[in-house]
Every structure is written in structure tokens, then in C-alpha cells.
Amino acid sequence: MKVTVSAPDAAARAAAEERLAALATPAGALGRLGDLGVWLAAVQGVVPPRPPAAVRAVVFAGDHGVAAHGVSAYPAAVTPAMVRSFAAGTAGVCALARQHDVHLRVLDLGVDDDLDGIDPAVRAHKVRRGSGAIHVEDALERAETEQALATGAAVADEEIAAGADLLIGGDMGIGNTTPTAALVAAALGLPAEDVVGRGTGVDDEGLDRKTDVVRAALQRAGDRVDDPVERLTALGSADLAATVGFLARAAERGVPVVLDGLISVACALTAEDLAPGATQWFVAGHRSTEPAQSLALEKLGLEPLVDARMRLGEGSGAVAAVPLLRSAALLLAETALLSDLL
Ligand SMILES: Cc1cc2ncn([C@H]3O[C@H](COP(=O)(O)O)[C@@H](O)[C@H]3O)c2cc1C
Ligand SMILES: O=C(O)c1cccnc1
């Protein structure tokens with residue numbers, strides 16, 4: 001099930017590069033903001049680019065079987081509690097989203113709770129409760145992976161139909177830095193020790209347990225991980241597969257995406273396997289403290305915009321980068337040309 005992705009507009013990129021070089025600034029003085037303006041022109045197909053005005057973020061929530069095996073500093077009960085907090089607008093990313101005028105919605109793909117009383121729209125896409133503990137069993141049945149991938153793609157279509165000109169996929173799910181570290185290790189052919197980080201802040205014993213879980217999961221999955229759908233079935237979860245489907249569909253539809261931390265970037269790495277070329281539509285919002293995120297970004301050839309030692313997830317690092325994207329577009333649009341001043 002390969003997805004076809006077109007390249008961003010090469011003529012717009014070339015024209016934007018030319019305009020950037022002609023601005024009344026010393027050559028290269030805008031640094032990453034200059035590159036970002038050029039990228040925006042290429043993905044929008046217009047020079048100068050428009051500042052993204054309809055930025056829409058979706059938080060994909062789900063629980064992870066490994067959470068019962070000492071891999072997180074927090075209990076799984078936090079996941080449904082946080083989903084209620086997202087719905088109430090009180091999660092960390094909600095404050096950032098309000099500040100930067102980003103539309104945010106949360107969807108339960110696999111929370112291990114019925115979430116009684118919550119807005120039914122939040123639960124409408126649920127695939128299952130929780131996922132298999134990946135060191136002992138598959139995370140999902142293959143049909144569930146396919147359902148979650150299709151759901152994520154449909155959600156991207158909904159957001160694009162609502163007018164999105166920039167998309168963000170966020171995450172909520174205690175334990176999710178374990179399967180995402182495993183997804184990165186599997187995609188890059190790296191051992192567990194290289195990818196595992198402290199997530200919410202596990203101590204040294206927790207880090208050892210987490211490394212053992214990832215090692216056992218990789219061993220158990222074997223070469224099934226060569227196929228991205230099998231990789232998600234063995235090592236992922238419904239929320240992660242939906243995020244992959246969401247990112248792949250955004251690229252297929254030619255809508256740019258700002259990536260977040262480990263969860264987002266691990267899903268982008270998987271989306272690139274499913275939809276070769278998808279990364280051309282992605283920009284890295286921030287650098288997480290998780291080692292697997294940096295390894296995956298390097299593989300994708302992406303350099304993060306913000307490096308603020310954040311490790312929250314939720315899409316927060318991506319939302320925090322939105323003002324830089326808007327600034328980059330405005331700089332390219334509103335700065336005079338040096339030749340007009342002399
Ligand atoms: C209160 C709270 C809010 C969060 N918001 C995002 N995460 C993040 O931390 C978790 C991943 O880390 P680990 O793999 O160590 O469990 C996920 O829920 C992720 O969304 C949170 C975690 C907590 C505790
Ligand atoms: O990198 C992330 O997104 C991250 C890190 C720790 C915990 N939750 C998310």
C-alpha cells in the first residue's frame with residue numbers, strides 16, 4: 001500500500017531563493033528563517049509565501065501495553081485524565097495553541113478507558129482499548145493497523161476540508177516513548193541502547209527496563225519490521241498508526257506539516273516508508289531530549305527550529321514553532337529588495 005507523493009513546487013522554490021538572495025539583508029543573515037521562507041514558498045507554490053493562517057493540530061491519544069511493565073515514570077491512568085484535560089482546553093499544548101491561534105482537537109484512538117461522558121466526537125474513531133505489550137505480543141492485529149492508518153488519513157482529509165494550510169499531529173499516551181523508540185530502532189537498524197531515552201523521566205532502573213523491552217520487541221518482530229505496516233502492527237499502536245496515516249495523507253495532499261517530538265518524528269519516519277518523498281512536506285518544529293528523535297531527524301535530513309529542552313509531546317514543540325514559520329513568510333514578503341534602496 002504505497003502512497004504517491006508529489007514534490008513541492010521547484011519553480012516557486014527557485015523564485016523564493018532568488019528573492020531571499022535579493023532582500024535588503026546581508027546574504028544568509030536570516031539563517032533558518034530564510035530557508036523556512038523558501039520551503040513555505042515551495043510547499044505553497046507561491047512567492048512570496050503566505051504566513052500560515054489556518055494551522056490545525058490533532059492529538060491522537062492511546063494507551064500502550066508496555067506501560068504496565070515499568071517503562072514510564074507515570075501510571076496509565078494519566079492518559080484518560082489528560083484526554084479530558086485536552087477536551088477542557090487545559091493541557092499544556094492548549095495554552096500554546098490559544099496563544100498562536102492554532103485549532104486543536106483530541107481523538108481517542110486507543111485509550112484503555114471508555115471516557116464516559118466525554119464529547120462523543122472524541123471517541124468516534126476508537127480502534128481498540130490499549131495495545132499489546134510489544135516485547136511479548138504484537139501491538140495490534142494487522143486489520144486494526146489498517147483501520148487506524150485509514151482513520152488518520154480520513155482525519156487529515158477532514159482537517160484539509162476545514163481549510164488547514166498547515167497541519168500538526170500531536171500525541172497523548174503514557175508509555176508511548178517506548179514503542180516509538182522501537183519504531184525508530186527498527187527503521188534505522190539500530191540497537192535498543194542507542195534509541196531509548198528517559199521519556200517522562202524514568203530513573204536508571206526504569207531506563208534499563210525500557211531498554212530490555214525495546215530489545216525484546218525488536219528481537220520478537222524480526223524482519224517483519226522491513227514492511228512499515230507490519231512494523232506498526234508488531235511495534236506500534238492504534239494512535240501511532242493513525243498518526244502515520246495522517247502524516248502520509250497530508251504529504252499526499254500537498255499540505256505542509258510541522259513535526260513535534262519523538263512520537264511525531266517516529267511516525268514521520270514510518271510515513272516516509274509508506275509514502276516515499278513525504279518528508280519534503282515536513283519541517284521539524286523542535287528538538288526533543290529523546291535520543292531517538294534526533295536519530296530519526298538526522299535520517300530524514302531535518303533540522304529542528306526550536307531547541308528548548310522540551311519533552312512534553314502533545315504537539316507542543318510544533319505549536320511553539322508556528323510563530324517562526326509565520327515570521328519566515330512575512331520576512332520574505334515584506335522586506336525590501338536591496339536593489340530598490342540603492
Ligand atoms: C501529566 C502528563 C502529561 C503529558 N502530556 C504528554 N505527555 C507525554 O508523556 C508520555 C510519554 O512518556 P513515557 O513514555 O515516559 O510515558 C505520553 O503521554 C506523552 O504524550 C505527558 C505525560 C504526563 C505524565
Ligand atoms: O519527544 C517527545 O515528544 C516526548 C518526550 C517525552 C515524553 N513525551 C513526549
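Why is strand S3 (residues 166-172) largely enclosed by the rest of the structure? Seven of the seven residues of S3 are buried, so the strand is largely enclosed by the rest of the structure. The model described here is predicted.

## Strand S3

The burial of S3 holds on both faces. On one side, Leu166, Ile168, Gly170 and Met172 are buried.

## Strand S1 and its partners

Strand S1 (residues 55-62) pairs with S2 and with S3. S1 and S3 run parallel and are joined by seven bridges. Within this pairing, Ala61 has Met172 in S3 as its bridge partner.

Strand S2 spans residues 102-110 and is mostly covered, with seven of its nine residues buried.

## Helices H2 and H14

Two packed helices are described by the angle between their axes and the distance between the axes. For helix H2 (residues 31-44) and helix H14 (residues 316-334), the axes come within 8 Å and cross at roughly 85°. At that angle, H2 is roughly perpendicular to H14.

On the H2 side, the contact is made by Leu33, Leu36, Gly37, Leu40 and Ala41. They meet Leu324, Leu325, Ser327, Ala328, Ala329, Leu331 and Leu332 in H14. By class, this contact of H2 with H14 has ten nonpolar residues, two polar ones and no charged ones.

## Helices H10 and H12

Helix H10 covers residues 228-235 and helix H12 covers residues 262-274. They pack at an angle of about 145°, and their axes are 9 Å apart.

H10 contributes Pro228, Arg231 and Leu232, which meet Thr270, Asp273 and Leu274 in H12. The contact of H10 with H12 divides into three nonpolar, one polar and two charged residues.

Which residues are around ligand 2? They are Thr177, Gly199, Thr200, Asp260, Gly261, Leu262, Ile263, Ser288, Glu290, Gln293, Arg311 and Gly313. Leu262 and Ile263 in this list fall within the residue range of H12, 262-274.

By class, the shell around ligand 2 has seven polar, three charged and two nonpolar residues.

Note on methods. Residues numbered from 1 in each chain as written. Chains lettered and ligands numbered in written order. Predicted model: local features only at pLDDT ≥ 70, side-chain atom pairs only at ≥ 80, totals over all residues. Buried ≥ 20, exposed ≤ 12 C-beta atoms within 10 Å, placed from the backbone. Helix = DSSP H or I, 4+ residues; strand = E, 2+ residues; numbered from the N terminus. Pairing = 2+ DSSP bridges. Near = placed C-beta within 6 Å. Nonpolar A, V, L, I, M, F, W, Y, C, P; charged D, E, K, R; others polar. Axes fitted to C-alpha atoms, helices over the stretch in contact; angles between N-to-C directions. Contact = placed C-beta atoms within 7 Å. Parallel < 35°, antiparallel > 145°, perpendicular 65-115°, else oblique.
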